[in-house]
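Here are my notes for a colleague opening this entry for the first time. Please keep the model open while reading.

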Amino acid sequence: MPNEDQRSAVEIIKENSNYLRGTIEQGLQDRITGAISDDDTQLTKFHGLYQQQDRDLERERRKQKLEPYYMFMARIRVPGGVCTPAQWLAMDQIADDFANGTIKLTTRQAFQFHGILKRDLKDLMQAVHGASMDSLAACGDVNRNVMCSPDAFQSPIHEQTLADARALSDHLTPRTTAYHEIWLDKKKVDPPQEDVEPLYGKTYLPRKFKIAMAIPPRNDTDIYAHDVGLAAIADGDTLLGYNLSIGGGMGTTFGNPDTYPRLGDVITFCPRDKVVEMVEAIVTVQRDYGNRSNRKVARMKYTIDRMGLNVFVLELTKRLGYELEPPRPCEFTRNGDTYGWTEGVNGKWSCGLFIEGGRVRDTEAAQLRTGLREIAKIHKGDFRLTGNQNVIIANISKTNKPKIQKLLDEYNIIKGLGTSGLRLNSIACVALGSCGLANAESERYLPVLITKIEEILTGLGLQEDEITIRMTGCPNGCARPYLAEVAFIGKGPGSYNMYLGGAFHGQRLNNLYKESLSEEEILAELAPLLKAYAEQRNEGEHFGDFVIRQEIVTEIKHGTEFKH
Ligand code: SF4
């Protein structure tokens with residue numbers, strides 16, 4: 001444990017913030033700048049807000065000696081990814097009223113808005129509240145949006161896991177009243193009483209904390225990429241509990257060998273009635289033992305490797321007061337989403353839609369945003385955001401199904417059919433445009449690159465084959481790139497490190513194949529590999545497994561073997 005004076009600057013900011021207030025309120029009133037203070041930029045993350053700048057204008061404004069074009073990103077939590085049509089309509093309205101006219105569906109089942117000006121922040125937050133939603137703890141050093149397999153009506157198990165995801169989310173949400181006070185003008189109690197954070201304390205967690213649940217055989221939330229992963233174990237229609245994994249995490253820093261992506265280790269079967277207390281106990285171990293001096297190695301994955309998995313688990317059992325049960329048999333065979341129409345066990349229908357890059361907007365080819373708005377106006381079920389940036393229009397009655405199909409046709413919204421298996425399994429982070437950490441394009445470029453790769457695939461007869469491809473603008477890993485069969489991490493403008501060999505079911509990290517490749521080099525590298533795959537693969541073998549078997553890259557058994 002670092003001693004007090006080794007604590008990082010962010011730890012001091014948190015401690016002195018009076019439970020996440022800082023000077024945010026005063027900063028909002030300062031009309032001279034479009035920014036808030038540096039300290040407050042750390043605190044607004046806990047409120048779901050990131051200060052960013054328009055990266056496309058960066059150089060020009062610097063030349064003109066103007067302040068950067070500051071704008072904010074707001075992330076709206078949706079535990080388990082489920083929202084109502086009224087909430088969808090509210091998000092759609094917010095995109096026009098306060099953001100850049102688009103909605104970003106994130107890789108963690110949240111809504112994200114970009115391009116918000118400081119003067120509009122409060123109105124946006126009130127509009128979110130008006131839709132019975134919030135952005136508290138969507139970012140920051142706390143437990144974030146709890147993910148859950150989204151197609152909740154495919155079996156009674158889905159519904160039960162969704163209930164548990166919501167219970168976990170409620171239990172781990174910070175208790176500070178700062179959010180209501182700053183954004184919703186809730187009156188301060190008189191005389192003022194200090195907030196209490198029974199779980200987190202004044203300094204919250206050392207770093208972000210992420211939980212995801214999935215129902216085998218589909219690992220559609222990539223549970224092993226999360227601090228806590230929960231794989232549902234059922235007996236028929238009854239959910240018994242979860243195989244619980246700890247220590248997953250994606251982010252790395254180029255050139256810093258102390259950082260690496262890591263898959264969660266499965267440590268136990270957790271009965272359903274103990275899941276909240278067990279996850280809470282894990283959070284407290286990380287709270288007390290996580291590194292608070294160096295944020296680069298503060299995630300729980302590093303705490304576990306520093307302490308040793310056995311010691312971490314020993315500490316956990318001490319806090320729980322009982323021994324952990326061994327994990328139960330459980331197998332994932334795939335990740336990704338289901339596209340098109342499926343009938344649920346309750347007789348209702350769902351329609352999974354492919355949303356490229358998670359960006360909901362109208363284009364010449366398809367009026368996606370308008371179409372989804374019109375659907376939300378007549379839809380009586382719900383919308384489900386997936387962990388792969390897609391959406392499911394769920395719980396549709398037989399009578400409404402043709403009406404929704406008609407709207408999908410009218411606005412040319414594809415359900416994924418007719419698109420390559422590669423594109424349907426693609427994820428991209430926002431990167432350039434707004435993210436301050438991006439070295440290269442991602443969301444705006446991956447579709448272009450995929451079109452070029454599709455030409456190769458079509459020539460080889462591989463256009464239908466499902467291959468996971470992910471791209472991020474930096475090694476932080478927001479699109480979980482280290483799990484993809486093919487991944488690209490931005491090194492600089494137009495230059496990417498290429499990683500190969502992730503598993504299709506999300507249970508193996510990929511490995512560095514080549515560094516700093518241009519588009520031309522990427523295509524030149526991929527063409528012979530895909531040709532060999534088409535000609536030499538075994539029956540049913542996925543591309544990630546093929547490149548490992550062929551020793552094109554070596555298999556990574558633990559994150560510490562990862563090369564930058
Ligand atoms: Fe930004 Fe990097 Fe995350 Fe992409 S992966 S959104 S570039 S921080």
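1. Start at Lys-296. Leaving out residues up to four places away in sequence, Lys-296 touches Thr-253, Asn-256, Thr-259 and Tyr-302. Contact here means heavy atoms within 4.5 Å. Lys-296 sits in the loop between α9 and α10 (300-307). Helices are DSSP runs of H or I with at least four residues, strands are runs of E with at least two, and both are numbered from the N terminus.

2. Buried means under 20% relative accessible area, exposed over 50%, and partly exposed in between (1.4 Å probe, protein chains only). Thr-252 is 44 residues from Lys-296 in sequence, yet their C-alpha atoms are 8.1 Å apart in space.

3. A word on the basis. This is a predicted model, in which local features need pLDDT of at least 70 and side-chain atom pairs count only at pLDDT 80 or more, while totals for chains, interfaces and linings use all residues. Residues are numbered from 1 along each chain as its sequence is written, and side-chain values use heavy atoms, with hydrogens and water left out.

4. Next, the cores. A nonpolar core is a set of buried Ala, Val, Leu, Ile, Met, Phe, Trp, Tyr and Cys residues joined through side-chain atoms within 4.5 Å. The largest one has 98 residues, and Trp-88, Phe-111, Trp-183 and Leu-244 touch the most other members. Helix α9 (residues 275-289) contributes the most to this core, with 7 residues. Another core, of 33 residues, lies apart from it; Leu-462, Ile-467, Tyr-513 and Phe-546 are among its members.

5. Not counting residues up to four places away in sequence, its contacts include Val-228, Leu-230, Val-266, Ile-267, Met-278 and Ile-282.

6. Strand β5 (residues 111-116) is mostly covered, with 5 of its 6 residues buried. Two strands pair if DSSP finds at least two bridges between them. Strand β2 (residues 70-76) runs antiparallel to β5, joined by 4 bridges. Ala-74 stands opposite Phe-113 there. Strand β4 (residues 103-105) is also antiparallel to β5, through 2 bridges. Here Leu-105 faces Phe-111. β4 and β5 make a hairpin with 5 residues between them, and Gln-109 in the turn has a positive phi of about 60°.

7. Now the open sheet of 5 strands. Its order is β3-β14-β15-β12-β11, with antiparallel pairing. β3 (82-83) and β11 (340-343) stand at the edges, each with a single partner strand, so one side of each has no neighbour in the sheet. Helix α12 (residues 368-378) packs on the sheet and touches β12 (349-353), β14 and β15; its direction makes about 140° with that of β14. Axes are lines fitted to C-alpha atoms, for helices over the stretch in contact, and angles run from 0 to 180 degrees between N-to-C directions.

8. Two pairings deserve a look. β14 (residues 382-385) and β15 (residues 391-396) are antiparallel over 4 bridges, and Leu-385 has Val-391 as its bridge partner. β11 and β12 are joined by 4 bridges, also antiparallel. They form a hairpin with 5 residues between them, where Gly-347 in the turn has a positive phi of about 80°.
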